[in-house]
Amino acid sequence: MTSLFDKFLPLEETRAELVAGSGVDPFHVVVERVVSATEAMINGRKVIMAGTNNYLGLTFDPECVAAACTALREEGTGTTGSRMANGSYAAHVALENELAAFFSCPAAIVFSTGYIANLAILSTLVGPEDVILLDVDCHASIYDGTRLGAAQVIRFRHNDPADLEKRLQRLGERAGNTLVVVEGIYSMLGDRAPLREIVDVKNRYGASLLVDEAHSLGVLGQQGRGLAEELDVEAEVDFITGTFSKSLGTIGGFCVSRWPELEYARYAMRPYMFTASSSPPLISSTRKALEILCRSTALRKRLWDNATQLYQGLAAMGFELGPEISPVIAVRLPTSVSETTALWSELLSQGIYVNLVLPPATPSGGPLLRCSLSAAHSQVQISAILDAFSLIKEKLQSHP
Amino acid sequence: MQSKEDILEQLFELVRPYPEQPIELRAQTRLIDDVGLNSMKVMELVMQIEDHFDISVPLNILPDVQTIGEFAEQLQKLLKDS
């Protein structure tokens, strides 16, 4: 009899080979203790965390921690059910109102995670008669959302408005029933969507546009609203989704829209209806983090200073990087999966944690060492990250 | 309208560079088990097919496509509708 687990054997064999080759399991790193927004104890030693998407470094912000503690004491550890079944807490509704005000949108819905936000929106807003046209490099949550729904799903080439136009043209009258999906900053290479050009194209064909600002909320735009704000096209964007788990340092997701009718969809979205709502401490710390994001441009400036320093430092060493300076900095290496894993392990032994990203999860097809910067990183920490990469570079040059 | 045989011949040409060792391509050849495509390679092939036939291939049809012949059948329907 075939075991249910047989289909996982090739995956397990690949993992075992990786561990045998490098001596570590890069996908089972245990963080023994979190020390701060940028440091943790791993394998008994203090490590600089340079791959956590903690862009504004708010996970230990005293105001956010205090807000979470107060909510925990006053409202408990969890909601023990969905908002439909158990009711919305006042704080859920307050956060939705605050997000709507922040984005100047008439509609906002909060979800339990960013992944669930995309599952809910992409599975429900577009029906069997509609089409989703998504950038090929979109996040797994977007792909998974489309699989849960009934719309026809077509991909266009990454950041290629001409290819998007060609596909809209092929759709004929159905172009008007199409939702185009892009991201503000793409999570793997840190590059941005050419949003003005995409808006021009979708307007010409009467399509709608969703921008996932997961990695650009708090990072781009004068007020931190993301790429649409930075490029002054917010009025042309129909839906914005995002997460609380990056710049806001908590867990949760949202969708805002310039269409008040988004509210009609709330009670049709199964990923909203059938999962537990966010806990009181999460919602309260998210509200506080959003307040800090609104009032502080200093954090954003520090984040960009740090990103620029690391990007330029790595570029000066001759590393092949993503196409533009960004808080997501992807180092493309001309090495095999096992060699890259060994280099990742070397970085960890130097006290630097970055993300190891292996094909097929990489847009470039080859392995990546992905860094993400934080406003909370100090100059000393950025220098330490650069020093560790410098050692990697020496190894690469001595064993080309 | 292109016949299924015409489409199959064109598909063979598009698939031919993919196997690591040369294999005989037939309508029954399975894209993953015989040609050895992984998920990334499937997506790369789909893009090439889209360019070649000047159509968009919805991702929704892919779960029903195991063999080159099944892909040809789906492409024939798409070409008819385009």
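How far does helix 12 of chain A reach from its first C-alpha to its last? In this predicted model, helix 12 of chain A has 16 residues and spans 23 Å between those two atoms, which is close to the 22 Å expected at 1.5 Å a residue. Among the buried residues of helix 12 are A:Pro280, A:Ile283, A:Thr286, A:Leu290 and A:Leu293, and the elements that cover the buried residues of this helix include helix 2 (62–75), helix 4 (90–103), strand 4 (107–111) and helix 13 (298–316) of chain A.

A:Arg287 also belongs to helix 12, which runs over residues 280–295 of chain A. Leaving aside residues up to four places away in sequence, A:Arg287 touches A:Ala91, A:Ala94, A:Leu95 and A:Glu98. A:Thr52, which is 235 residues away from A:Arg287 in sequence, lies 21 Å from A:Arg287 in space, C-alpha to C-alpha.

The largest pocket holds about 1,300 Å³ of space. Of its 36 lining residues, the closest to the centre are A:Val136, A:Tyr143, A:Arg155, B:Met40 and B:Met43. Two or more lining residues come from each of helix 6 (140–148) and strand 6 (152–156) of chain A and helix 2 (39–53) of chain B, and helix 2 of chain B gives the largest share, six residues. The lining is sorted by class below.

| Class in the lining of the largest pocket | Number |
|---|---|
| Nonpolar | 20 residues |
| Polar | nine residues |

Conventions:
Residues are numbered from 1 along each chain as its sequence is written. Chains are lettered from A and ligands numbered from 1 in the order in which they are written. This is a predicted model: local features need pLDDT of at least 70, side-chain atom pairs count only at pLDDT 80 or more; totals for chains, interfaces and linings use all residues. Side-chain values use heavy atoms; hydrogens and water are left out. Helices (H or I, at least four residues) and strands (E, at least two) are DSSP runs, numbered from the N terminus. Contact means heavy atoms within 4.5 Å. On a 1 Å grid over the protein atoms alone, a cavity is a set of points where a 1.4 Å probe fits but cannot get out, and a pocket is an open set with protein on both sides within 12 Å along at least five of seven lines; lining residues have an atom within 4 Å of a point. Grid points are joined across faces, edges and corners, and a volume is the space filled by probe spheres set on the points. Ala, Val, Leu, Ile, Met, Phe, Trp, Tyr, Cys and Pro count as nonpolar, Asp, Glu, Lys and Arg as charged, and the others, Gly among them, as polar. The expected span of a helix is 1.5 Å times one less than its number of residues. Buried means under 20% relative accessible area, exposed over 50%, partly exposed in between (1.4 Å probe, protein chains only).
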